[in-house]
Amino acid sequence: MSAIRSVITGVSGSPRNFPAVRYATSLARSQSATLILVLAWMPPGGEYLAHQLPSPCLWPEWERAARQSLCDAIDMALGGEPAGLSTELTVVRGEPGPVLVHAAGRAGDLLVVGTGRRGTRGRLAGGRVSRYCLARPGCPVLTVPPASLELAAAHGRQDRK
């Protein structure tokens with residue numbers, strides 16, 4: 001019996017997120033674990049604007065749009081929902097870091113996150129979610145770096161032999 005029962009990963013729809021989603025899928029399959037794909041969403045304009053100008057009739061539409069974004073992102077990252085694997089699609093209103101930490105807090109959970117951008121500018125501009133998850137783990141956290149091709153493209157370098 002495997003110690004890992006659930007592999008949880010955030011899904012953002014960004015190509016930077018695809019390696020983490022793919023690795024989480026592969027790991028869940030190899031461990032016969034449930035794959036939980038989580039998309040955190042915020043109302044347009046953020047929570048502050050949602051409280052200042054409440055529109056409860058729009059919330060179901062925003063959640064429907066978030067669920068569609070999750071399905072679209074899974075299609076882009078994996079070519080569709082993985083066959084032959086127990087999968088849960090979860091859409092939660094909130095900031096990604098806290099949503100993922102809350103989703104992955106049970107015994108047997110493993111949280112898989114991308115490492116974000118590289119370099120000084122990248123650390124300042126991105127990687128908030130992975131840093132949040134690593135600082136407040138409710139379970140083991142595995143980080144997945146960006147693909148080497150993406151790193152080379154981001155730095156504008158070409159490997160010459």
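## Basis of the model

Contact means heavy atoms within 4.5 Å. The structure described here is a predicted model, in which local features need pLDDT of at least 70, side-chain atom pairs count only at pLDDT 80 or more, and totals for chains, interfaces and linings use all residues. Residues are numbered from 1 along each chain as its sequence is written, and side-chain values use heavy atoms, with hydrogens and water left out.

## Overall architecture

The protein chain contains seven helices and five strands; helices (H or I, at least four residues) and strands (E, at least two) are DSSP runs numbered from the N terminus. Read from the N terminus, the order of the elements is β-α-β-α-α-β-α-β-α-α-β-α.

Of the 161 residues in the protein chain, 37% count as buried. The term buried denotes under 20% relative accessible area, exposed denotes over 50%, and partly exposed lies in between (1.4 Å probe, protein chains only). The protein chain exposes about 9,500 Å², of which carbon and sulfur atoms supply 56%; accessible areas come from the Shrake-Rupley method with a 1.4 Å probe, and for residues only the protein chains shown count as cover. Among contacts between residues at least 6 apart in sequence, 76% join residues at least 24 apart.

## Packing of helix 1 against helix 3

The axes of helix 1 (residues 18–31) and helix 3 (residues 59–78) come within 9 Å and cross at roughly 80°. Axes are lines fitted to C-alpha atoms, for helices over the stretch in contact, and angles run from 0 to 180 degrees between N-to-C directions. Helix 1 and helix 3 are therefore roughly perpendicular to each other, given that angles under 35 degrees count as roughly parallel, over 145 as roughly antiparallel, 65 to 115 as roughly perpendicular and the rest as oblique. Helix 1 contributes Phe18, Val21, Arg22 and Thr25 to the contact, and helix 3 contributes Ala73, Met76, Ala77 and Leu78. These residues divide into six nonpolar, one polar and one charged; Ala, Val, Leu, Ile, Met, Phe, Trp, Tyr, Cys and Pro count as nonpolar, Asp, Glu, Lys and Arg as charged, and the others, Gly among them, as polar.

Thr25, located in helix 1, is buried because its relative accessible area is 8%. Leaving aside neighbours within four places in sequence, Thr25 is in contact with Leu35, Leu78, Pro82 and Leu85. Ala28 also belongs to helix 1 and counts as buried, at 0% relative accessibility. With the neighbours within four places in sequence set aside, Ala28 is in contact with Val7, Ala33, Leu35 and Leu85. The C-alpha atoms of Ala28 and Ile8, 20 residues apart along the chain, are separated by 9.0 Å.

## Nonpolar cores

A nonpolar core is a set of buried Ala, Val, Leu, Ile, Met, Phe, Trp, Tyr and Cys residues joined through side-chain atoms within 4.5 Å. In the largest one, of 24 residues, Val7, Val11, Leu35, Leu37, Trp41, Leu70 and Val112 touch the most other members. Helix 1, strand 2 (34–41), helix 3 and strand 4 (109–114) are the elements that give two or more residues to this core. Apart from it lies another core, of 11 residues, including Ile8, Leu100, Ala104 and Leu111.

Not counting residues up to four places away in sequence, Leu70 touches Val11, Leu37, Leu39, Leu89, Thr90 and Val91.

Thr115 lies in the loop between strand 4 and helix 5 (119–125) and is partly exposed, with a relative accessible area of 28%. The C-alpha atoms of Thr115 and Val144, 29 residues apart along the chain, are separated by 5.8 Å.
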